[in-house]
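Please read it alongside the sequence and the coordinates.

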Amino acid sequence: MPKDYFLEMIEELGRVLRAVISAKKSEPARALQEINTVFTATKFRTKDFFDSLSISELEAFIKEKDVHYSTLDALTDLLFEEADIRLNIGDYTTVERLLNKLDFLISYISKKETEAKVLSLKRGPQRERLQFLLTALHK
């Protein structure tokens, strides 16, 4: 696939992320719908399919379908927003599953970036945010 396509997809994911962040407090249902919509443009096809995968199945799917780590990084940002929303509405079971997947995705992306000799300043803040959400969940 041409690199331009990847850049376009990442830019579109960025626009959706901004929309989700602005709607997550005032319109959480709309923000969650935006997140679900994003998954239709990925190799996962639906958010429900993504949610149904265990960590090992997720890893196998990512490898089998050759999901690029930059796509996973954008999805990770969206999943953090979903975790915030679901924590605020008291959907603790879903939050726990999301946090487990986020932990895996952060490690996986970090490994792929290291292999590609890419330096990202996002992993540290993502790990801190994950720890914050885990703490909030278990209060």
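The structure holds 1 cavity of 30 Å³ or more. The model is predicted, so local features need pLDDT of at least 70 and side-chain atom pairs count only at pLDDT 80 or more, while totals for chains, interfaces and linings use all residues. Residues are numbered from 1 along each chain as its sequence is written, and side-chain values use heavy atoms, with hydrogens and water left out.

**Cavity**

- On a 1 Å grid over the protein atoms alone, a cavity is a set of points where a 1.4 Å probe fits but cannot get out, and lining residues have an atom within 4 Å of a point.
- A volume is the space filled by probe spheres set on the points, which are joined across faces, edges and corners.
- The lining of the largest cavity consists of Phe50, Asp51, Thr94, Arg97, Leu98 and Lys101.
- Helix 3 (47-52) and helix 6 (92-115) are the elements that give two or more residues to this lining; helices here are DSSP runs (H or I, at least four residues), numbered from the N terminus.
- Helix 6 supplies the largest share of the lining, 4 residues.
- By class, the lining of the largest cavity has 2 nonpolar, 1 polar and 3 charged residues; Ala, Val, Leu, Ile, Met, Phe, Trp, Tyr, Cys and Pro count as nonpolar, Asp, Glu, Lys and Arg as charged, and the others, Gly among them, as polar.

**Second largest pocket**

- The second largest pocket has a volume of about 150 Å³; a pocket is an open set of grid points with protein on both sides within 12 Å along at least five of seven lines.
- Its lining is formed by Ile10, Tyr69, Ser70, Asp73, Ala74, Asp77, Glu113, Val118, Ser120, Lys122 and Arg123.
- Helix 5 (residues 69-88) gives the most to this lining, with 5 residues.
- The lining of the second largest pocket divides into 4 nonpolar, 2 polar and 5 charged residues.

**Helix 6 with helix 7**

- The axes of helix 6 and helix 7 (residues 123-137) come within 10 Å and cross at roughly 160°; axes are lines fitted to C-alpha atoms over the stretch in contact, and angles run from 0 to 180 degrees between N-to-C directions.
- The two helices are therefore roughly antiparallel to each other (angles over 145 degrees count as such).
- Helix 6 passes helix 7 in a left-handed crossing, in which the near helix is turned anticlockwise from the far one by less than a right angle.

**Helix 2 with helix 5**

- Helix 2 (residues 28-39) packs against helix 5 at an angle of about 150°, with the axes 10 Å apart.
- Helix 2 and helix 5 are therefore roughly antiparallel to each other, and their crossing is left-handed.
- Pro28, Ala31, Leu32, Ile35, Val38 and Phe39 of helix 2 make the contact with Leu75, Leu78, Leu79, Glu82, Ile85 and Arg86 of helix 5.
- The residues of the contact of helix 2 with helix 5 divide into 10 nonpolar, no polar and 2 charged.

Terms used
Parallel < 35°, antiparallel > 145°, perpendicular 65-115°, else oblique. Contact = heavy atoms within 4.5 Å.
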